[in-house]
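Take a look at the structure, then read on.

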Amino acid sequence: MTRTFYSLRYFNYRLWFVGALVANVGTWMQRVAQDWLVLTVLSDDSGFAVGIVTALQFLPVLLLSPVAGVLADRLPRRKLLIGTQAGLGVLAAGLGVMVLTETAELWHVYVFALALGVVSALDGPVRQTFVAEMVPASDLPNAVGLNSTSFNAARLIGPGLAGLLIAAVGPGWVFIINAVSFAATIFSLTLMRTRELHELPHAPRGKGQVRAGLAYVRRRSDIVVIMVVVGVVGAFGLNFQLTSAVMAREAFGKGAGEYGILGSILAIGSLTGALLAARRKHPRVRLVIGAALAFGVTMGVQAFMPTYELYALLCIPVGLFSLTMMTAANTAVQMSTEPAMRGRVMSLYMMVFLGTTPIGSPVIGWVSEAWGPRWSVGVGAIASILVAVVAALWVKRSWHVQVRYQRLGRPHLVVEGPGERHAHQAERAERELAKATLAKDEAQQGSETA
């Protein structure tokens, strides 16, 4: 098996990958249907209303992530995931029934968006840390990259399929299909071989666990830099549901099908970035900053595109750089964090990454109404460029970064400072843990054979 798909040789991860792919397709279909329902049926083409729905869906991440991180570090992660996936399915079915019976109003969508956000806030940290239980620590970067591949393959399929279904049968049935898709993830979780899971250490019960997670992150300047970059880009740049909808409908006069196609084209770049990420062993802070800068530049160019076709074409590099930034940030944080702290650290990461959306989405929605749809794209581009430049300058000054060129060997351009050396040390500790776990498994297999 090639290095790109190396983690698929593990039975439990194969189950997870297939189940998550089906559920992710349904989730992307619902996102498109929900925004289109709000924009065209329940409001008068209000980008602000779409921004409010997005904000309500991500607001619980900002409020509940620290608690969710403690649960992820303390409780059985597989059982937690079964519960959260079931909750997401029930909520999708409820909204679908209301739309099909023509009883749904805008405030109903607001309530369902908030409820979905609550369950998603509990689901996120568990989902992130559970990946490390399905594969050895040495294969975690590959598994995280393949997770992104699954997510973005779904993004490639889901929006276009949603656009066709909305035009054919309406958004209500899209919600029902999404509800059914969660059964695939639940089924894959119940079929897993629990004896083959690499169970991470669980945090003991006690007070001050959230504070301990905050203190850990405060001591890690590399994680803080990553969080600042993804927080700003996530708030103002990663609002594709909103910006694609207003650009398709208002800037280019297109319908639901063309809106869905924009999501699918964006996913071409994202899927490419995910496949490249699956081959990358040790992503660094510099990759997160560089990808954020490239994302801002390409998005800025995209804002000026005069036709729908050219705008759609620029979705490919925008998707590539955004996914590169997200996957590099996710993997770098996970790989450099102590296993017993991983749930809490990832919950704080998710809080910053997704929790800033309630701040950014209404702002971007207001910008689209007040200044026009192109500025909703342009503001995200400006914010991304600024945070990348500021982060790069801070890293260079504070970490005393050294840059040197080596003609022989790769990478040719070597960038290293105290912050990255800290990450190297954490990775070495992770590899030592993986070796100890492997030796324990081999010893246990030997005793069972005897």
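In this predicted model, the largest nonpolar core holds 93 residues, and Ile 226, Met 325 and Tyr 349 have the most contacts inside it. Helix H12 (residues 308–335) supplies the largest share of this core, with 13 residues. Both domain 1 (1–197) and domain 2 (210–399) contribute residues, so the core lies between them.

**Nonpolar packing**

- Leaving aside residues up to four places away in sequence, Met 325 touches Val 229, Val 230, Val 233, Leu 238, Val 288, Ala 291 and Ala 292.
- Another core lies apart from this one; it has 23 residues, including Tyr 13, Phe 17, Val 135 and Ala 143.

- The model has five salt bridges, and one of them joins the side chains of Arg 77 and Glu 133, at 2.5 Å from N to O.
- This pair links distant parts of the chain, since Arg 77 sits in helix H3 (residues 77–100) and Glu 133 in helix H4 (residues 106–134), 56 residues apart.
- Arg 77 is buried, with a relative accessible area of 1%, and Glu 133 is buried too, at 5%.

**Two further salt bridges**

- Asp 222 pairs with Arg 220, with their closest N and O atoms 2.7 Å apart.
- Asp 222 is buried at 4% relative accessible area, and Arg 220 is buried at 3%.
- Glu 196 and Arg 193 also meet through their side chains in a salt bridge, at 3.2 Å from N to O.
- Here Glu 196 is partly exposed, at 32% relative accessibility, and Arg 193 is partly exposed at 33%.

Methods
Residues numbered from 1 in each chain as written. Predicted model: local features only at pLDDT ≥ 70, side-chain atom pairs only at ≥ 80, totals over all residues. Heavy atoms only, no water. Core = buried A, V, L, I, M, F, W, Y, C linked by side-chain atoms within 4.5 Å. Buried < 20%, exposed > 50% of the residue type's maximum accessible area, 1.4 Å probe, protein only. Helix = DSSP H or I, 4+ residues; strand = E, 2+ residues; numbered from the N terminus. Domains from an automatic or database assignment. Contact = heavy atoms within 4.5 Å. Salt bridge = Lys/Arg side-chain N within 4 Å of Asp/Glu carboxyl O.
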